[in-house]
Amino acid sequence: VMGEPVSEMCDHLIKAVNVMMDAESSQIYRLEALKFCEEFKEKCPFCVPCGLQLADKAQTAVVRHFGLQILEHVIKFRWNNMPQQEKVQLKNCAMGLLSSGTYPILEEESHIKDVLARIIVEMIKREWPQHWPDMLKEMEALTSIGEAQTELVMMILLRLAEDVITFQTLPAQRRRDIQQTLTQNMESIFSFLLTILQLHVDEYRKLAKAHCRVGVAALNTLAGYIDWVALAHLTNDNCRLLEMLCLLLSETELQLEAAECLLIAISRKGKLDDRKPLMVLFDDVAMHYILSAAQSADGRHYIFLKRLCQVLCSLGSQLCFLVGSGVEVDVPANLSKYTEAFLAFTTHPSQFLRSSTQITWGTLFRHEILSKDPVIIQMMIKYFRATMTNLVKTGFPSRNDSPSCEYSRHDFDSDEDFNSFFNSFRAQQGEAVRNACRVVPLEGFQIAAEWLQYQISTPIDIGTTGSGKGGEGLCSILSPSAVQWDAMTFFTESVVGQIFKNVEVEKLPVDQGIELLQAVLNYNTQDPLILSCVLTNLSSLFPFVTHRPHFLPQVLYKAPRTRAVKNVRRHACSSIIKMSRDYPWFILPCFDILYNQVKKLFSNEALLTQMEKCALIEALVLISNQFKDYTKQKAFLEELMATVAARWTSDEMRVLLEPALFLAFVGADQLMAEGTDHTTGINRSRLSFCVYTILGVVKRARWPADLEEAKAGGFVTGYTPSGAPIYRNPCTPQVLALLPNLLALIRTHNNLFLPENMCRLSETFSRAYEVIEVERKVVLGLTQPVLDIYDSPVYKTHLERMQGFFCTLYDNCYHILGNAGLSLHQDFYTIEGLAEQIVGSALISLDNVPDHRLRPMLHILLSYWPIRDEDEACEENQVTQEMLEEQLVRLVTREVLDLLSKSRLWDKGQEWDVGATNVTELSLPLQDIYMTLLTISFTSLSWKDTSNCHRTASMVCWTLLRQVVGGNLLPEAVTWFYASVLKGLQMHGQHEVCNSALTQLALIIYDNLRPRYMELRSVMTQIPSINLEALDQYDQRLLEPSSAQKVGEKKRKDQFKKLIAGTVGKDLGQQFKKEVHIRNLPSLFKKPKLEKRDIVEPSETGSLAALFSPTQEDI
């Protein structure tokens, strides 16, 4: 009777499927066909017969696939309501499809095999083992039919392991049942898998392609089990599995899958005793097969090479874990073979393979026992030699100047990707080199010395004209000499730093170090990139000068006189600051020489840039800290700052008080044509220099760290009641005298953003306050291009120069304020009216200050202010501009909440604890601030920023709220706070970390406030699908703790989590997904429930109390 409608429906379905899959179909027809098919799956009463008819071998592949999808849909969504007889019938039909419903293994489509495996696994998940105890036997029987069935069985076992163990896509009890049954049968499952593998590999060696496909499937299935079964299964029968996998490394068609399995096995964690048998892979046979596979693999098998490299890395990690761990594992006899094989990967042309070995080398070099082994010590020297090649930045995918380029095209999408990778690769090499230098420092230094001398004696090669700096005969960033010098400099820096830490003073190669230093000092070049490397080498070798002080004047003379382009000058400045910071006591005897040299350089205002002048001032201040004499240092600082102080407090600087005068002074109200000189540039330059100088002095001037030296030098002015010394800073008088104009500048700067001042900007500079390009890229997370970085000026156009000026000036003003507290201590905080002065400058006109200008203030000053609404955005059409605005608001918000979490308005030690001080005792303005902070914190829980939500929920919200719970909070406020947390759960609840923090916060608020505020219950009753009976029970336990039965803390949290589960939102990908319900089957292992009973109650054998009460018999 049913035959006709089934047949008719199948015809309609075939047509619909063909319309959907036909590239020529129109969008409307395709949607109609899709709708018809979906409605059929949902509503049709005879899905199973239709599905089986469509799955017949006679149909086309797409129709068969759809037929099988129908059967899968029935099992997933209708199984629970099907009569038992229909379930059995469907199961038998599915097994029939496995045995005879497919084409031979090499002809069948992979998507048909996949959906067939899914159908069987969906039934297994619902019925095995309780209602289908013979499933494994039936699978075993299927393998005797042929290769196609064997492959399908492998796919079924793999998918079952993935669903149950890896992805855990079924309820906890079903998962437990299936996992326990798999574990109980694992010995026979493993034996079965290995037998299948052995059988089909043997057949494959007779050149039967079909058996190769089964071998691949068996290895893939093994991979799904190896990472979670008991380690014993991997090492049973004299490690038969590992032996087979090693043998298969030589089979071209199977080697990749075999390497995958081997990698998973070797990477296993677990008890050290269980991992000990893995050391069998260091034996002759296994090592032979691994080495042979590495040698015979060529570029065509690059993915296999990567896996093999990972195998060797994991083998090295296991070796490091086991040797010297308490488990008796000796250093393997084949360690030399292993390290030679590993070194082959470190010297392979592929930069990716080279980098893959670095972490393991580092681990071997710092291992307590292995690092002392002669084999590893010898390998360190070879590693140094390999690193000399590996540190050279070659192999960009866009180029063809190295064998590495071809491999890079496989591994990296762009030169930017490669550059980012190479930077981390270089850092890993630096770490490994430093680890090796702890063992062989002098050998490492010898190699670095040879390389440095070689580079100095080698003529500069700028490469082809395309890579050099057009027509100037200078290196570009990728010129052969530039990359060689760069690599050598990095190596030398890594090695020399370790010499002074790991070699006794009398054994230091001082003469050789000084010889190298002399060579570097005598080396002359005008090439900026090479010059930059020369300066780094000078810094690296500088510690040798401490053993030959008469060389110091030469070094100090070389560094500040380095004249070249901006990047090199910046490098020279940082070098001299670094030397002065790390060796001030050593440079002190040459202080006068240096100071006189600086005075000469300063005498011509145009000779040095502002940055260079400030660097030299910072260096002098750092060295002057070694005077350890307050009066002498104060006099020196007065002399040093005399010019700046005179200019900063002169009548000319009255322009700092008025925005209009200030804009005219710096030239931002003038029209400028490109290519013309800006006459006000000198004003900006002098203003910047003043601010830079104040910052340099306030940041670097300090009293001696040793209390006795500080007392002797006159730095201690008294003691606090607790006995702590009160210090004075020699720069205090100068800085305090300059502070009023600094605050005036900050106030004027904030007022520049007022509408009446914005319109004063000329057309040339109308965008002068916008985010500078470098900062914009940082905010948006964009990488800088690699190949065109030369030494381009930092600010090119008049507009860019003006943007840079405003940005740097603003940042530096706040850095001075931030450092003033650290540097001047009580002298700063006791300034009369300080709070009012800061409020009247730093915190003025904030409504107009753009978000990117608020960030330096938030970073540097621990102040509080309300932030503007998150939705405020500049309505511009450019997508990047909108992204920039949104990202800036997000960053500023995070930073405000960072400040809240670090503030001292509360005692952080009492986090999550009730009963802190009552905020109602605060003055009214402070109460207003407090309520603003509460509002910001609780509102931010539902902003689209998960990291902000987690931090605020776990650190800020309750910490603030607990201090007002003792006061008279309005019921509306309490319900708003609680509802805000639930809104946060709705927005972020699908993220586990946020869910945990928000649930904890909701629980604390409810537990603490529910007894006084009935209104919280009404909020709870609005939660979708809440169990009101469970809510009543929870409330009863909360309100009457004495009468209710006691519940453990964890159980109580779980109960509360279930109550509010309805608030947790789903992410977009889950919102329209149809729910799959898998029912639990009768429990496999029922534990008899122990009766709970009071231990002191009487029983047949008498009570515990009776044992201790004396009776007549006892006496």
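Let's start with confidence. The chain averages a pLDDT of 86, with 87% of its residues at 70 or more. The elements at either end of the scale, by mean pLDDT, are these:

| Element | Residues | Mean pLDDT |
|---|---|---|
| Helix α20 (highest) | residues 374-390 | 97 |
| Helix α53 (lowest) | residues 1104-1107 | 44 |

Where pLDDT is low, the predicted coordinates should not be read in detail.

Now for helix α10, which covers residues 186-204. With 19 residues at 1.5 Å each, α10 should span 27 Å, and its end C-alpha atoms sit 26 Å apart, so the two agree. Its buried residues include Met186, Ile189, Phe190, Leu193, Leu197, His200 and Tyr204. An α-helix has 3.6 residues a turn, so residues three or four places apart point the same way. What do the buried residues of α10 pack against? Their partners are α7 (135-142), α8 (147-166), α9 (172-184), α11 (209-226) and α12 (231-248).

On to the cores. The largest nonpolar core holds 276 residues, and Ile120, Trp648 and Phe806 touch the most other members. Beyond its neighbours within four places in sequence, Trp648 contacts residues including Met653, Leu656, Leu687, Cys690, Asn741 and Leu745. Another core, of 43 residues, lies apart from that one; Leu934, Leu969, Val981 and Leu1016 are among its members.

Key
Residues are numbered from 1 along each chain as its sequence is written. This is a predicted model: local features need pLDDT of at least 70, side-chain atom pairs count only at pLDDT 80 or more; totals for chains, interfaces and linings use all residues. Side-chain values use heavy atoms; hydrogens and water are left out. Helices (H or I, at least four residues) and strands (E, at least two) are DSSP runs, numbered from the N terminus. The expected span of a helix is 1.5 Å times one less than its number of residues. Buried means under 20% relative accessible area, exposed over 50%, partly exposed in between (1.4 Å probe, protein chains only). Contact means heavy atoms within 4.5 Å. A nonpolar core is a set of buried Ala, Val, Leu, Ile, Met, Phe, Trp, Tyr and Cys residues joined through side-chain atoms within 4.5 Å. pLDDT is the predictor's confidence in each residue, from 0 to 100.
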